[in-house]
Amino acid sequence: MALEDLCHFRDIFQEDITTERFSIASAISSQESPSAFPLPTNLPFTSSQTVPLPFPMAHGTTTLAFMFQGGVLAAADTRSSCSGLVACPASQKILPIHSHLVGTTSGTSADCMLWKRILARELRLYQLRHSRRLSTRGAAKLLSHMLHPFKGTELCVAATLCGWDGGELFYVCSDGTRLEGMLFSVGSGSPYAYSILDQGVRWGLTVEEATSVAREAVYRATHRDAYSGNFVDVFHITSKGWTRRKREDLKEEYYREKESD
Amino acid sequence: MEYLIGIQGPDFVLVAADNVAASSIIQMKHDYDKMFKLSEKILLLCVGEAGDTVQFAEYIQKNVQLYKMRNGYELSPTAAANFTRKNLADYLRSRTPYHVNLLLAGYDEAEGPGLFYMDYLSSLAKAPFAAHGYGAFLTLSILDRYYRPDLSRDDAVDLLKKCVEELSKRFILNLPSFTVRLIDKDGIHDMEKLTLSGEMSGFWFWF
């Protein structure tokens, strides 16, 4: 993907089928306010206006991330839902971008995965060009500016970028929001998670306590929210990079709690 | 949901904005700063649609700085306000209009203090006091009643406090704190954040 763009390679087969769409996209992109950042032109810009979505996209999630003395902790459930159907009970909603940056994803799974890969590519190119890594703040701004032309379309990406250059946490949304903070929760289950986190999260937590609060928050959210569930992933980011905890089945947590009652 | 207010005195402008960054029913941040520093003596307060606010305000901010770099001197508040309005107007009938409501406050050596009210339809008005948001409906009459052109700085802060108290009493949404800044010939000064203590809002609830 990266090499293809760098060499400006256009697949001939693709071009035959979608020439019309390319011409619309290029006409529109020339009218857009010119941005210094070269937008990838082989993505279907106009998909929302000319082509209706073939099926309802996946949206429901509980993801959360917070900063504490031991670094940044990110946790998410693993259920991918499509209206009432659980399309995948074991999807990955926390995607590593590079060794010291991890992003939680919420919104349309496909959009999130694509844009995370595009962000990873651009960060790697930046690193190669400038011999230093772009800060988390810079990555958040880059993602926000890349998503801006798609504002008003069906694109739905709500990501929390958790990085380590001193530990930073940014929330970036496809509607243009970009916020810096110490604690964020995103998704349909986020209100439930917020209430647990607001009670339990302090700066002075140990890593075990923080992991336990994060797991608890995701567990409670998955209990109440129909669109979150199945497993929980926990990532911990420090100056040495990110580490991942073994994926846990929340069904077992539920039965464990029932037994102890 | 969001609230901006500006009060102009004889040699200063006092501005305040709430600190809530919300996403549907959730307050995502309690300490969000809605003021953008355009130059040493000009502030742009910006509320409106989620991404548009930051995109538009930063665009204006960088262009004002560019003007200074190119020409060696800064834009006056009147010029900056008109530049902002022109940009809003240009985008208004494009495919991507910016849905933002603005207050621009500044101090100029030649013209003195200035407060400019702009809205998303790119109207521009220089006003002695102004407010944006649902809170404006509750506070503009207070400003009408108590404003005088020769307000001292303390009087202006008291007037601002009156407005904020009215919001805590009658506005259904919780706006717990406000960033306050004052612009005068010496530049932009950060003032103490206005916060509403829990017991005060609890007291008024029973009325």
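# Close-up views of a predicted model

**View 1. Strands S8 and S9 of chain A pair in the antiparallel sense.** The model shown here, as in every view below, is predicted.

**View 2. An open sheet in chain A is built from 5 strands.** Read across the sheet, the order is S5-S6-S7-S8-S9. The pairing is antiparallel. At the edges lie strand S5 (94–98) and strand S9 (178–180) of chain A, and each of them pairs on one side only. On average, neighbouring strands of the sheet are turned by 20 degrees against each other, direction ignored.

**View 3. Helix H5 of chain A packs on this sheet.** The helix spans residues 136–147. Which strands does H5 of chain A touch? They are strand S6 (101–107), strand S7 (157–163), S8 and S9 of chain A. The direction of the helix makes about 5 degrees with that of S8(A).

**View 4. Two aromatic pairs in chain A are tilted.** Over all chains, the count of aromatic pairs comes to 10. One of them joins A:Phe66 and A:Phe68, at 6.0 Å centre to centre and with 55 degrees between the planes. Both A:Phe66 and A:Phe68 are buried. Another tilted pair is A:Phe235 with A:Trp242. Here the centres are 5.3 Å apart, and the planes make 40 degrees. Are the two partners buried or exposed? A:Phe235 counts as buried because its relative accessibility is 1%, and the cut-off for buried is under 20%. A:Trp242 has 31% relative accessibility, so it counts as partly exposed.

**View 5. Rings in chain B form a cluster, and lysines lie over ring faces.** Ring pairs link B:Phe56, B:Tyr91 and B:Tyr98. Elsewhere, B:Lys126 lies over the face of B:Phe116, at 5.8 Å from the ring centre. B:Lys162 lies over the face of B:Tyr146, and here the distance from the ring centre is 4.5 Å.

**View 6. Helices H3 and H4 of chain B pack together.** Two packed helices are described by the angle between their axes and the distance between the axes. For H3 (residues 134–146) and H4 (residues 153–170) of chain B, the angle is about 145 degrees and the axes are 9 Å apart. The crossing of H3(B) and H4(B) is right-handed. From H3(B), the contact is made by B:Gly135, B:Leu138, B:Thr139, B:Ile142, B:Leu143 and B:Tyr146. From H4(B) come B:Leu159, B:Lys162, B:Cys163, B:Glu166, B:Leu167 and B:Arg170.

**View 7. Strands S11 and S12 of chain B form a hairpin.** There are 2 residues between the strands. S11 (residues 177–184) and S12 (residues 187–195) of chain B pair in the antiparallel sense over 7 bridges. In this pair, B:Arg181 stands opposite B:Asp190 of S12(B).

**View 8. Two serines in chain B have a positive phi.** Neither B:Ser24 nor B:Ser122 is a glycine. The phi of B:Ser24 is about 50 degrees. B:Ser24 sits in the loop between strand S3 (21–23) and strand S4 (26–29) of chain B. B:Ser24 counts as exposed because its relative accessibility is 74%. For B:Ser122, phi is about 55 degrees. The loop that holds B:Ser122 lies between strand S8 (112–118) and strand S9 (124–126) of chain B. B:Ser122 has a relative accessible area of 8%, so it is buried.

Terms used: Residues numbered from 1 in each chain as written. Chains lettered and ligands numbered in written order. Predicted model: local features only at pLDDT ≥ 70, side-chain atom pairs only at ≥ 80, totals over all residues. Heavy atoms only, no water. Phe/Tyr/Trp six-rings, centres within 6.5 Å; stacked < 30°, edge-to-face > 60°. Buried < 20%, exposed > 50% of the residue type's maximum accessible area, 1.4 Å probe, protein only. Lys NZ or Arg CZ within 6 Å of the ring centre and 35° of its normal. Pairing = 2+ DSSP bridges. Helix = DSSP H or I, 4+ residues; strand = E, 2+ residues; numbered from the N terminus. Axes fitted to C-alpha atoms, helices over the stretch in contact; angles between N-to-C directions. Contact = heavy atoms within 4.5 Å. Left-handed = near helix turned anticlockwise from the far one by under 90°.
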